[in-house]
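Please keep the sequence and the structure in view while reading.

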Amino acid sequence: MKRAVRQRSAVNVLFVDDEFIEFRSLKKKVADQTEPQINLDYAQSVDDALTKLGDVKFDLILLDNRLMPNSDFRETVPKLRGSGYTGPIGVVSTDVSDGYFQQFPEYGVDFRVGKDEIDADTLQHIIREYVDYDVPEFWKDDYNS
């Protein structure tokens, strides 16, 4: 079944991590990506993210698993969902093999990804899978199969 897509000039991504250097690293990794164009924004905490969600419509949230003070996605994602955000949320972690990651769908998480795996190609794949986007013609065969 083909899902409905909408036209957009860019994909708005919110990266939530208490380490600003992680944001800078991701920004450098995706700087040259042009399809889709990505507007990458940063929040240092869930509270900061909630404020930004009130001001901007984000198409995707990438959320660090552990935010100070040591809360993990089981505490943070319900806060984001409780704000009314219905878009995709991906949990980003140095290690996504812990057993509690198996519970991620129960908490409103769409996917998990290792920090070492995130680059322009991975982000492009995530957008293709989770964000309604008017994909370019050269993607259509892969996207619709």
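Across which strands does helix α1 lie? Helix α1 (residues 20-29) lies across β1 (11-16), β2 and β3, and runs at about 175° to β2. Contact means heavy atoms within 4.5 Å. Axes are lines fitted to C-alpha atoms, for helices over the stretch in contact, and angles run from 0 to 180 degrees between N-to-C directions.

The model is predicted: local features need pLDDT of at least 70 and side-chain atom pairs count only at pLDDT 80 or more, while totals for chains, interfaces and linings use all residues. Residues are numbered from 1 along each chain as its sequence is written, and side-chain values use heavy atoms, with hydrogens and water left out.

The sheet comes next. It is an open sheet of 5 strands in the order β2-β1-β3-β4-β5, with parallel pairing. Its edge strands are β2 (38-43) and β5, each of which pairs on one side only. From one strand to the next, the twist averages 25°. Two strands pair if DSSP finds at least two bridges between them; β4 and β5 do so in the parallel sense over 4 bridges. In this part of the sheet, S93 stands opposite G114 in β5. Another helix, α3 (residues 73-82), lies across β3 and β4 and runs at about 155° to β4.

The charged side chains can be considered next. Side chains of opposite charge can pair when their charged atoms come close. A salt bridge is a side-chain nitrogen of Lys or Arg within 4 Å of a carboxyl oxygen of Asp or Glu, and a search of the whole structure finds 7 salt bridges. One of them joins D17 and K115, with the closest N and O atoms 3.1 Å apart. D17 lies in the loop between β1 and α1 and K115 in the loop between β5 and α4 (120-130), so the pair ties together parts that are 98 residues apart in sequence. Are these two residues buried or exposed? D17 is buried, with a relative accessible area of 0%, and K115 is also buried, at 16%. Buried means under 20% relative accessible area, exposed over 50%, and partly exposed in between (1.4 Å probe, protein chains only).

D17 and K115 belong to a network of salt bridges that also links E22 and D64. D64 lies in strand β3 (residues 60-64) and is buried, with a relative accessible area of 6%. The side chains of D64 and K115 are joined by a polar contact of 3.3 Å. Such a contact is a pair of N or O atoms within 3.5 Å; within protein, one must be able to donate a hydrogen and the other to accept it, and residues adjacent in sequence count only if both atoms are side-chain atoms. Not counting residues up to four places away in sequence, D64 touches V16, D17, D18, V92 and K115.

A further salt bridge joins D110 and R81, whose closest N and O atoms are 2.9 Å apart. This pair links distant parts of the chain, D110 in the loop between β4 and β5 and R81 in helix α3, 29 residues apart. D110 is partly exposed at 32% relative accessibility, and R81 is partly exposed at 23%. G108 is placed in the loop between β4 (89-93) and β5 (111-114). Leaving aside residues up to four places away in sequence, G108 touches V77, R81 and I89.

A nonpolar core is a set of buried Ala, Val, Leu, Ile, Met, Phe, Trp, Tyr and Cys residues joined through side-chain atoms within 4.5 Å. Which members of the largest core touch the most other members? They are L40, L60 and L62, among the 20 residues of that core. The elements giving two or more residues to this core are β1, α1, β2, β3, β5 and α4, and the largest share, 4 residues, comes from α4. Apart from its neighbours within four places in sequence, L62 is in contact with V13, L14, F15, V16, L26, G90, V92, F111 and L123. A second, separate core of 18 residues includes A43, F58, L63 and Y85.
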